Amino acid sequence: MEEKDFALNDVVEMKKQHPCGTNRWKIIRLGMDIRIKCEGCGHSVLIPRREFSRKMKKVLVKHEE
Ligand SMILES: [Zn+2]
């Protein structure tokens with residue numbers, strides 16, 4: 001499986017949108033687990049890295065240094 005390129009503070013689109021209707025998530029923690037925060041309602045979830053990699057569709061906004 002290919003390793004997708006993502007970094008802290010990137011905004012990503014997931015394969016499944018959040019029930020609130022938004023499909024923009026910000027990566028707010030990177031580690032063994034990844035925490036993403038819904039840009040629509042502010043809800044955050046913790047997902048194992050491998051699962052995140054599988055469920056992430058694409059990076060929408062690359063974080064600028
Ligand atoms: Zn939401």
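**Notes on the zinc site, sheet and salt bridges**

1. Starting with the fold: five strands make an open sheet, ordered S4-S3-S2-S1-S5, and the pairing is antiparallel. Strands here are DSSP E runs of at least two residues and helices are H or I runs of at least four, both numbered from the N terminus; two strands pair if DSSP finds at least two bridges between them.

2. Some housekeeping before going on. This is a predicted model, with local features needing pLDDT of at least 70 and side-chain atom pairs counted only at pLDDT 80 or more, while totals for chains, interfaces and linings use all residues. Residues are numbered from 1 along each chain as its sequence is written, and side-chain values use heavy atoms, with hydrogens and water left out.

3. S3 and S4 run antiparallel and are joined by five bridges; Asp33, for one, has Pro48 in S4 as its bridge partner.

4. Now the metal. His18 (ND1), Cys20 (SG), Cys38 (SG) and Cys41 (SG) coordinate the zinc ion at 2.0 to 2.4 Å. Donors are N, O and S atoms within 2.8 Å of the metal (3.2 Å for Na, K and Ca), and since water is not among the atoms, sites may look incomplete. The angles among the four donor atoms of the zinc ion are 104 to 119 degrees, and the site is tetrahedral. For four donors, that label requires all angles to lie between 85 and 135 degrees.

5. The spacing of the zinc donors in sequence is H-x1-C-x17-C-x2-C. His18 is in the loop between strand S1 (11-14) and strand S2 (25-29), whereas Cys38 is in strand S3 (residues 33-38), so this pair ties together parts that are 20 residues apart in sequence. Both His18 and Cys38 are buried (buried is under 20% relative accessible area, exposed over 50%, partly exposed in between, with a 1.4 Å probe and protein chains only).

6. On to charges: searching the whole structure turns up four salt bridges, meaning a side-chain nitrogen of Lys or Arg within 4 Å of a carboxyl oxygen of Asp or Glu. One of them pairs Asp5 with Lys62, with the closest N and O atoms 3.6 Å apart. Asp5 belongs to the segment before S1 and Lys62 to the segment after S5, 57 residues apart. Asp5 is exposed, at 58% relative accessible area, and Lys62 is partly exposed at 37%.

7. Glu13 and Lys57 form another salt bridge, their closest N and O atoms being 3.3 Å apart. This one links strand S1, which holds Glu13, to strand S5, which holds Lys57, across 44 residues. Glu13 is buried at 15% relative accessibility, while Lys57 is partly exposed at 49%.

8. Glu51 and Lys55 have their closest N and O atoms 2.6 Å apart in a salt bridge. Both lie in helix H1 (residues 49-55), four residues apart, about one turn of the helix. Glu51 is partly exposed at 25% relative accessible area, and so is Lys55 at 39%. Elsewhere, salt bridges with shared partners join Asp5, Asp10 and Lys62 into one network.

How values were computed. Tetrahedral: all angles 85-135°; square planar, octahedral: opposite > 155°, others 65-115°.
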